[in-house]
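Here is a short briefing on how the parts of this chain meet. Please look over the sequence and the structure before reading on.

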Amino acid sequence: MSQMIFVNLPVADLRRSVEFYEAIGFSLDPRFSNDQAASMVLSDTICVMLLTHEFWATFTDRRRVDPAQEAQVLLCISREDRAAVDAITEAAVSAGGMADPCPAQDHGFMYGRSFADPDGHIWEPMWMSAEAVENGPAEVSNAG
């Protein structure tokens, strides 16, 4: 079995969050979902667990931050091209998210934007050229 990542996010309104993530291309896995949590699948190896605030509190004694006011992580996901970066960002806005809480980045070999979900969790879709992936961004930057 491939190694997987499960990103756990506390959400204020589980149903609204499920609808948001479905609108940007995630799919609900009902096997691991109930009235306290929803498993949202991005790929075979990446899942986002949306947890109600009450359920989230059963996993840690640490204070939950308000993602609309504070950032603890930036969740970067690759996209197949620049258009896909823009498409997921636009889908997020249409579904009730906010576009570009972080500055857009265009370095030629790499392009990225960001969006915040309805709770304020920041996602950064990005594309990087195959050459930069293969050789590293410094090599691509120095070639130009």
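**Domain interface**

Between domain 1 and domain 2, five residue pairs are in polar contact, with both residues of a pair at pLDDT 80 or more. The model is a predicted one. Two domains are assigned: domain 1 covers 1-59 and domain 2 covers 70-143. Their centres, taken over C-alpha atoms, lie 21 Å apart.

**Extent of the interface**

- The size of an interface is often given as the accessible area lost when the parts come together.
- Here, domain 1 and domain 2 bury about 1200 Å² between them.
- Carbon and sulfur atoms give 71% of that area.
- On the side of domain 1, the residues that lose the most area to domain 2 are R16, F20 and I24.
- Together, R16, F20 and I24 account for 43% of what the domain 1 side buries.
- In terms of contacts, 14 residues of domain 1 touch 16 residues of domain 2.

- Strand 1 (5-11) and helix 1 (14-23) each supply at least two residues of the domain 1 side that touches domain 2.
- Helix 1 gives the largest share of that side, with five residues.
- By type, the residues of the domain 1 side are 12 nonpolar, one polar and one charged.

**A look at N8**

- N8 sits in strand 1.
- Setting aside neighbours within four places in sequence, N8 contacts M49, L51 and W56.
- N8 and L51 are 43 residues apart in sequence, yet their C-alpha atoms are 7.0 Å apart in space.

**Salt bridges in the structure**

- How many salt bridges does the structure hold? The count is six.
- One of them joins the side chains of E70 and R63, at 3.8 Å from N to O.
- E70 is partly exposed, at 36% relative accessible area, whereas R63 is exposed, at 65%.
- R82 forms another with D106, where the closest N and O atoms are 2.9 Å apart.
- This pair links distant parts of the chain, with R82 in helix 3 (residues 82-94) and D106 in strand 7 (residues 105-106).
- R82 and D106 are 24 residues apart.
- R82 is partly exposed at a relative accessible area of 29%, and D106 is partly exposed at 48%.

**The D100 and R113 pair**

- The side chains of D100 and R113 also meet in a salt bridge, at 2.7 Å from N to O.
- Why does this pair tie together parts that are 13 residues apart in sequence? D100 lies in the loop between strand 6 (98-99) and strand 7, and R113 lies in the loop between strand 8 (110-112) and strand 9 (115-116).
- Is R113 buried or exposed? R113 counts as buried because its relative accessibility is 16%, and buried means under 20%.
- D100 has a relative accessibility of 29%, so D100 counts as partly exposed.
- Salt bridges that share partners join D86, D100 and R113 into one network.

Conventions: Residues are numbered from 1 along each chain as its sequence is written. This is a predicted model: local features need pLDDT of at least 70, side-chain atom pairs count only at pLDDT 80 or more; totals for chains, interfaces and linings use all residues. Side-chain values use heavy atoms; hydrogens and water are left out. Domain bounds come from an automatic or database domain assignment. Contact means heavy atoms within 4.5 Å. Buried area is the accessible area (1.4 Å probe) that two parts lose on being put together, summed over both. A polar contact is a pair of N or O atoms within 3.5 Å; within protein, one must be able to donate a hydrogen and the other to accept it, and residues adjacent in sequence count only if both atoms are side-chain atoms. Helices (H or I, at least four residues) and strands (E, at least two) are DSSP runs, numbered from the N terminus. Ala, Val, Leu, Ile, Met, Phe, Trp, Tyr, Cys and Pro count as nonpolar, Asp, Glu, Lys and Arg as charged, and the others, Gly among them, as polar. A salt bridge is a side-chain nitrogen of Lys or Arg within 4 Å of a carboxyl oxygen of Asp or Glu. Buried means under 20% relative accessible area, exposed over 50%, partly exposed in between (1.4 Å probe, protein chains only).
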